[in-house]
Amino acid sequence: MKQKTLLPFLFLATFYSMAFAQAPAPAPAGPTNITAILAKAGQFNTLIRLLQTTQIADQINSQLNNSNSGLTVFAPTDNAFTNLKAGMLNSWTDQQKVELVQFHILPSFLSVSQFQTVSNPLRTQAGNSNNGEFPLNVTTSGNQVNITTGVVNTTVSNAIYSDNQLAVYQVDQVLLPLEFFTTPSPAPAPSSKPKKSTKPSADSDSSNGATPDSSDAMKGSIRRGMINKVFFGGFVVAVGCLLL
């Protein structure tokens, strides 16, 4: 009788232990702290270091503790960073590292079920996704969330934390922005304007000679001079004949 009485209690105890094991881990006591959440979950040391060096951890904590706005964070594991091409992470500038971390953050809280109704591309804190620089698209199949960036395809492998304001999801690949791997378009060459045709002006005419009016006057003066010479020459010949 005692064994039969204990069986239902054992079943319930097993059920609740399994349910809590699959639930996101509770946050550390005190104000919400993204690095403390990741540290408690383990295997996120590289992401924690990036959050701290870029000072984005402070921005996240301040936003969560001083406003009602929510956030969703995709957290790549240490193995995800290790699987990057050798030297890739160190080759990025400080600004690119900031954009990389921001690319893993959505400016609103999304539960797993809400991924089924979002519109692509998702807007991240890295910038506007509609211009093709930081596109982040998700698709779902049941409770599985698939993520693509144009460079990387991965899935959400685990829900690390959720409190209806902050959701943290584990991803097994670093979400690489397309912007990091595209060559900027060259700047357009300056347009060549056709040269204006130069027409001789009155000033140029005056520099090469006289104005049209002065030229006509000069021609008339020459004609009068020639007539006077002919008339004077004929007068001289007539006088000479009379003297003879």
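Predicted model: local features only at pLDDT ≥ 70, side-chain atom pairs only at ≥ 80, totals over all residues.

Q: How many helices and strands does the secondary structure of the chain come to?
A: Start with the chain itself, which has 244 residues, 30% of them buried. It exposes about 16,300 Å², with carbon and sulfur atoms supplying 57% of that. As for secondary structure, the tally is nine helices and six strands.

Q: Which strands are the edge strands of the sheet?
A: The six strands form an open sheet with mixed pairing, and the order runs β2-β1-β6-β5-β4-β3. An edge strand pairs on one side only. That leaves us with β2 (105–106) and β3 (137–141).

Q: In β2, which residue is the bridge partner of Val 73?
A: Strand β1 covers residues 71–76 and runs antiparallel to β2. Two bridges join the pair. Look across from Val 73 into β2 and you land on Ile 105.

Q: In the hairpin of β4 and β5, which residue takes a positive phi?
A: β4 (residues 144–148) and β5 (residues 153–162) run antiparallel and are joined by three bridges. Ile 147 sits opposite Thr 154 of β5. Between the strands of this hairpin there are four residues, and the one with a positive phi, near 90°, is Gly 150.

Q: Which residue in the turn between β5 and β6 has a positive phi?
A: Here β5 is joined to β6 (residues 166–171) by five bridges, again as an antiparallel pair. Tyr 161 has Val 168 as its bridge partner in β6. The hairpin leaves three residues between the strands, and the turn residue with a positive phi of about 70° is Asn 164.

Q: Does Gln 102 count as buried or exposed?
A: Gln 102 is part of helix α7 (residues 94–103). Leaving out neighbours within four places in sequence, it contacts Ile 56, Thr 124, Gln 125 and Ala 126. Because its relative accessibility is 17%, Gln 102 counts as buried.

Q: Which elements give two or more residues to the lining of the largest pocket?
A: The largest pocket has a volume of about 170 Å³. Residues lining it include Arg 49, Leu 50 and Thr 53, as well as Phe 81, Thr 82, Met 88 and Leu 89. The elements that contribute two or more are α3 (45–53), α5 (78–82) and α6 (88–91).

Q: How many of the residues in the lining of the largest pocket are charged?
A: Among the lining residues are Arg 49, Lys 85 and Lys 97, along with Gly 87 and Asn 90. The lining also has five nonpolar and four polar residues. The charged ones come to three.

Note on methods: Residues numbered from 1 in each chain as written. Heavy atoms only, no water. 1 Å grid on protein atoms, 1.4 Å probe; cavity = no way out; pocket = protein on both sides within 12 Å on 5 of 7 lines; lining within 4 Å. Points joined across faces, edges and corners; volume = space filled by probe spheres on them. Nonpolar A, V, L, I, M, F, W, Y, C, P; charged D, E, K, R; others polar. Pairing = 2+ DSSP bridges. Buried < 20%, exposed > 50% of the residue type's maximum accessible area, 1.4 Å probe, protein only. Areas by Shrake-Rupley, 256 points an atom, 1.4 Å probe, with all protein chains shown as cover. Contact = heavy atoms within 4.5 Å.
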